[in-house]
Amino acid sequence: MYRNQQTCWTVQHQAALARLRTGGGKPGIASPDQIAGMTGLQILHAMMAGELPYPPMNDTANMTLVEADSGWAVFLGIPELRHCNPFGTVHGGWFSTLLDSALGCAIQSALPEGRRYTTVELSVNIVRAAAPSSGPLRAAATLIHSGKQIATAQARVEDENGKLYAHATTTCVVFDRRA
């Protein structure tokens, strides 16, 4: 079961990357013209299809957005040796990056056209050490609240057996996109 699920998540990660590349996706920053008239969820779907650039941080952290719908988002990350601290375990910054990405996308998925967000608070609790041998880790985030100026979300990082590695909450400020 462990190996099959890990293989499934690895395949899902590879399929998401292939979908990005097939659609012409590259790391970068979307221009205002590229996202004009799109809701937050439409932007996420366009990134996942490779129609818009995806965040360069995804390559650095070896993670990708694999699922998004209104009020939730899922990232898969595969920790590598380059993500370890001097003791051989995955650095807390890697967990924070994976969680912040999932949390932010859960919030973005609920935003109407013309709105954006940025993180103002991120609280991360790492409850179990990970290593490159841990295999793929999944960060699933759900929206808690989306208001005119403030949005909050929560997320969990689990392995293929459902074992919890970390959990987090975020508060983001929501504002109008500048022309």
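Biologist: In β6, which residue is the bridge partner of Arg156?
Modeller: This is a predicted model, so every value here is computed from it. Strand β5 covers residues 150-158 and joins β6 through 9 bridges, with the two running antiparallel. Within β6, Arg156 is bridged to His167.

Biologist: Which residue in the turn of the β5 and β6 hairpin has a positive phi?
Modeller: The hairpin leaves 5 residues between its two strands. In that turn a positive phi of about 85° occurs, and the residue is Gly162.

Biologist: How many disulfides does the model have?
Modeller: A disulfide is a covalent bond between the sulfur atoms of two cysteines. The cut-off for counting such a pair is 2.5 Å between the sulfur atoms. By that rule the count is 0.

Biologist: Is Cys84 buried or exposed?
Modeller: Take Cys8 for contrast: its relative accessibility is 43%, so it counts as partly exposed. Buried means under 20%. Cys84 has a relative accessible area of 18%, so Cys84 is buried.

Biologist: How many of the 9 residues of helix α3 are buried?
Modeller: Helix α3 runs over residues 40-48 and is mostly covered. Among its buried residues are Gly40, Leu41, Ile43 and Leu44. Ala46, Met47 and Met48 are buried too. The number of buried residues in α3 is 7.

Biologist: Which residue just after α3 takes a positive phi?
Modeller: The angle is about 80°. The residue that takes this positive phi is Gly50.

Biologist: What is the volume of the largest pocket, and which residues are the closest to its centre?
Modeller: The largest pocket has a volume of about 800 Å³. Its lining holds 36 residues. The closest to the centre are Ile43, Met47, Pro55, Gln108 and Tyr117.

Biologist: Which elements give two or more residues to the lining of the largest pocket?
Modeller: Helices and strands both take part. The helices are α1 (2-22), α2 (32-35), α3, α4 (57-61) and α5 (92-108). The strands are β1 and β3.

Biologist: How many residues in the lining of the largest pocket are charged?
Modeller: The lining holds 21 nonpolar residues. Another 10 are polar. The charged residues number 5.

Biologist: What is the relative accessible area of Thr64?
Modeller: Thr64 sits in strand β1, residues 63-69. Leaving aside neighbours within four places in sequence, Thr64 is in contact with His13, Ala16, Leu17 and Leu20, among others. Its contacts also include Asn58, Val74, Phe75 and Leu76. Thr64 is buried, because its relative accessible area is 3%.

Biologist: Is Asn58 buried or exposed?
Modeller: Asn58 belongs to helix α4. Setting aside neighbours within four places in sequence, Asn58 is in contact with Met63, Thr64, Leu65 and Phe75. Its relative accessibility is 6%, so Asn58 counts as buried.

Biologist: What is the phi of Asn62?
Modeller: Asn62 lies in the loop between α4 and β1. Asn62 is buried, with a relative accessible area of 15%. Its phi is positive, in a residue other than glycine, and the value is near 55°.

Biologist: Which residues does Pro56 touch?
Modeller: Pro56 is in the loop between α3 and α4. At 39% relative accessibility, Pro56 is partly exposed. Not counting residues up to four places away in sequence, Pro56 touches Pro27, Gly28 and Ile29.

Biologist: What separates the C-alpha atoms of Gly24 and Ala49?
Modeller: Gly24 is in the loop between α1 and α2. Its relative accessible area is 47%, so Gly24 is partly exposed. Gly24 and Ala49 are 25 residues apart along the chain, and their C-alpha atoms are separated by 8.4 Å.

Biologist: How far apart in space are Gln14 and Val66, C-alpha to C-alpha?
Modeller: Gln14 is placed in helix α1. Gln14 is partly exposed, with a relative accessible area of 49%. In sequence, Gln14 and Val66 are 52 residues apart; in space, C-alpha to C-alpha, the value is 9.8 Å.

Definitions and conventions
Residues numbered from 1 in each chain as written. Predicted model: local features only at pLDDT ≥ 70, side-chain atom pairs only at ≥ 80, totals over all residues. Heavy atoms only, no water. Buried < 20%, exposed > 50% of the residue type's maximum accessible area, 1.4 Å probe, protein only. Helix = DSSP H or I, 4+ residues; strand = E, 2+ residues; numbered from the N terminus. Contact = heavy atoms within 4.5 Å. Pairing = 2+ DSSP bridges. 1 Å grid on protein atoms, 1.4 Å probe; cavity = no way out; pocket = protein on both sides within 12 Å on 5 of 7 lines; lining within 4 Å. Points joined across faces, edges and corners; volume = space filled by probe spheres on them. Nonpolar A, V, L, I, M, F, W, Y, C, P; charged D, E, K, R; others polar.
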